Amino acid sequence: MTNFKPGDEIVVTNPVQPTAHQGGETGVIVDIGTVAGTTVVQIRDARDGSLTGVYPDEIRKR
């Protein structure tokens with residue numbers, strides 16, 4: 001599935017477009033789930049506290 005877990009601090013490194021992320025944004029993983037067979041990581045964005053779903057390939061641990 002993924003080597004991430006809730007509570008991990010992450011940085012967006014490879015945003016898949018369309019997205020509000022440009023790369024370099026930071027956040028904390030809130031949850032990890034599956035949507036239509038694809039792993040999605042929910043993060044709380046450090047900029048404004050919003051929740052965003054990203055793919056594991058878009059992020060790395062800080």
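This is a predicted model: local features need pLDDT of at least 70, side-chain atom pairs count only at pLDDT 80 or more; totals for chains, interfaces and linings use all residues.
1. Most residues other than glycine have a negative phi.

2. As to the overall make-up, the chain has five strands and zero helices, and the pattern read along the sequence is β-β-β-β-β. The radius of gyration is 10 Å, close to the 11 Å that the globule rule gives for 62 residues, so the chain is as compact as a globular protein of that length. Taken along the principal axes, the box filled by the C-alpha atoms is roughly 30 × 25 × 20 Å.

3. The five strands form an open sheet with antiparallel pairing, in the order β4-β3-β2-β1-β5. Because β4 and β5 (59-61) stand at the edges with a single partner strand each, one side of each is left without a neighbour in the sheet. Neighbouring strands of this sheet are turned against each other by 45° on average, with direction ignored.

4. Two of the pairings can be followed at the level of residues. Strand β1 (residues 9-12) pairs with strand β2 (residues 26-35) in the antiparallel sense over three bridges, and Val11 stands opposite Thr26 in β2. Strand β3 (residues 38-45) and strand β4 (residues 51-54) also run antiparallel, joined by four bridges, and here Arg44 has Leu51 in β4 as its bridge partner.

5. Which residue of the hairpin of β3 and β4 takes a positive phi? The residue is Gly49, with a value near 80°, in a hairpin that has five residues between the strands.

6. The largest nonpolar core has nine residues in all, namely Phe4, Ile10, Val12, Ile29, Ile32, Val41, Ile43, Val54 and Ile59. At least two residues of this core are supplied by each of β1, β2 and β3. In a regular strand the side chains alternate between the two faces of the sheet.

7. Val12, one of the residues of that core, deserves a separate look. Leaving aside neighbours within four places in sequence, Val12 is in contact with Ile43 and Ile59, and also with His21, Gly23, Gly24, Glu25 and Glu58. Ile43 and Ile59 are themselves included in the largest nonpolar core.

8. For the chain as a whole, buried residues make up 31% of the 62 residues. The accessible surface comes to about 3,800 Å², and carbon and sulfur atoms account for 49% of that surface. Of the contacts in the chain with a separation of 6 or more, 41% are between residues 24 or more positions apart.

9. A last point concerns the segment before β1, where Asn3 is found. Is Asn3 buried or exposed in this model? Asn3 is exposed, with a relative accessible area of 59%, and, leaving aside neighbours within four places in sequence, this residue is in contact with Asp8 and Lys61. Although Asn3 and Pro56 are 53 residues apart along the chain, their C-alpha atoms are separated by 8.8 Å.

Definitions and conventions: Residues are numbered from 1 along each chain as its sequence is written. Side-chain values use heavy atoms; hydrogens and water are left out. Two strands pair if DSSP finds at least two bridges between them. Axes are lines fitted to C-alpha atoms, for helices over the stretch in contact, and angles run from 0 to 180 degrees between N-to-C directions. A nonpolar core is a set of buried Ala, Val, Leu, Ile, Met, Phe, Trp, Tyr and Cys residues joined through side-chain atoms within 4.5 Å. Buried means under 20% relative accessible area, exposed over 50%, partly exposed in between (1.4 Å probe, protein chains only). Contact means heavy atoms within 4.5 Å. The radius of gyration is taken over C-alpha atoms; the globule rule is 2.2 Å times the number of residues to the power 0.38. Accessible areas come from the Shrake-Rupley method with a 1.4 Å probe; for residues, only the protein chains shown count as cover.
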